[in-house]
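I opened this entry to look up the pockets of the model and what lines them. The notes below follow the order in which I looked.

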Amino acid sequence: MTLRPPIGILGGTFDPIHIGHLRPAIEAREALRLAEVRLVPNHIPPHRASPYCSSEQRLAMVALAAAENPGFVVDERELDRDRPSYTIDTLIALHAELPDTPVCFLMGMDSLLGLPSWHRWQELLDHAHLVVSTRPGWQPDYPAEVADLLARHQTQDSEDLHRHRHGHIWLAGNLPVELSATRLRALLASGRDPRYLLPAPVADYIRLHGLYRPTRGQ
Ligand code: ATP
């Protein structure tokens with residue numbers, strides 16, 4: 001079967017979405033010639049302290065970011081569920097929906113290092129490739145289980161992600177971006193200007209809705 005070009009999936013809390021999410025995704029799209037990048041905001045149980053914004057607000061910000069990035073779309077499936085969503089469930093669903101399309105799950109190095117704590121993590125590669133972006137502060141100092149996974153699945157040839165629907169890990173040599181949403185929230189809470197750390201329409205939305213203000217008890 002001739003496969004279609006791969007797509008990228010980037011899941012996250014996106015509280016808020018920022019250039020540490022977007023730059024690696026843009027670079028992965030270019031390097032791997034991804035047909036599209038789907039941004040998938042996670043469902044977070046209401047009783048958890050974080051995120052600071054509601055699902056609707058996180059979704060609105062992700063939609064604003066997608067709107068100014070060609071090839072980026074929003075996938076709301078995890079927000080539509082009324083329980084925490086596991087990545088494995090989303091990847092199984094996509095794998096079934098897209099029978100002739102490789103799916104590349106994009107993640108930062110921090111996520112790869114913590115992968116063994118994910119629900120059914122050993123099955124992720126049965127449904128997708130993993131594309132891992134460098135992230136400052138997170139060295140490729142792998143726990144044994146991750147080292148073993150890499151020994152079995154890592155490829156240096158990005159064309160493998162076009163030739164197969166799943167099963168490969170590719171370490172992206174992206175420009176490192178030293179930013180987290182935690183740091184950005186702290187910056188916003190102290191009243192500083194977030195310009196160039198996130199898309200301008202997202203910064204406008206945050207200002208308009210008074211999000212991440214210290215008065216909200218953060
Ligand atoms: P928080 O600080 O609230 O924990 P975060 O900035 O780490 O948030 P998430 O929404 O938790 O963002 O991250 C979603 C995905 O984006 C994860 O796979 C994470 O590794 C990746 N990511 C986030 N920031 C960066 C960054 N600066 N560089 C590379 N990958 C990143």
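I looked up the second largest pocket of this predicted model and found that about 360 Å³ of space lies in it. Its lining has 18 residues, and I noted Leu188, Arg192, Pro194, Ala203 and Arg207 as the closest to its centre. I then sorted this lining by class, which gave eleven nonpolar residues, six charged ones and one polar one. Among the elements, helix α8, residues 200-209, gives the most to the lining of the second largest pocket, with five residues.

After α7 comes glycine 191, for which I recorded a positive phi, near 80°.

I went on to the largest pocket, for which I noted a volume of about 1200 Å³. I counted 50 residues in the lining of the largest pocket, with Gly11, Gly12, Thr13, Asn42 and Ser111 nearest its centre. The elements that give two or more residues to this lining are the strands β1 (7-12) and β4 (103-108), together with the helices α1 (19-32), α3 (87-97), α4 (109-113) and α7 (181-189). Of the elements, α1 gives the most to the lining of the largest pocket, with five residues. By class, I recorded 23 nonpolar, 21 polar and six charged residues in the lining of the largest pocket.

How values were computed:
Residues are numbered from 1 along each chain as its sequence is written. This is a predicted model: local features need pLDDT of at least 70, side-chain atom pairs count only at pLDDT 80 or more; totals for chains, interfaces and linings use all residues. Side-chain values use heavy atoms; hydrogens and water are left out. On a 1 Å grid over the protein atoms alone, a cavity is a set of points where a 1.4 Å probe fits but cannot get out, and a pocket is an open set with protein on both sides within 12 Å along at least five of seven lines; lining residues have an atom within 4 Å of a point. Grid points are joined across faces, edges and corners, and a volume is the space filled by probe spheres set on the points. Helices (H or I, at least four residues) and strands (E, at least two) are DSSP runs, numbered from the N terminus. Ala, Val, Leu, Ile, Met, Phe, Trp, Tyr, Cys and Pro count as nonpolar, Asp, Glu, Lys and Arg as charged, and the others, Gly among them, as polar.
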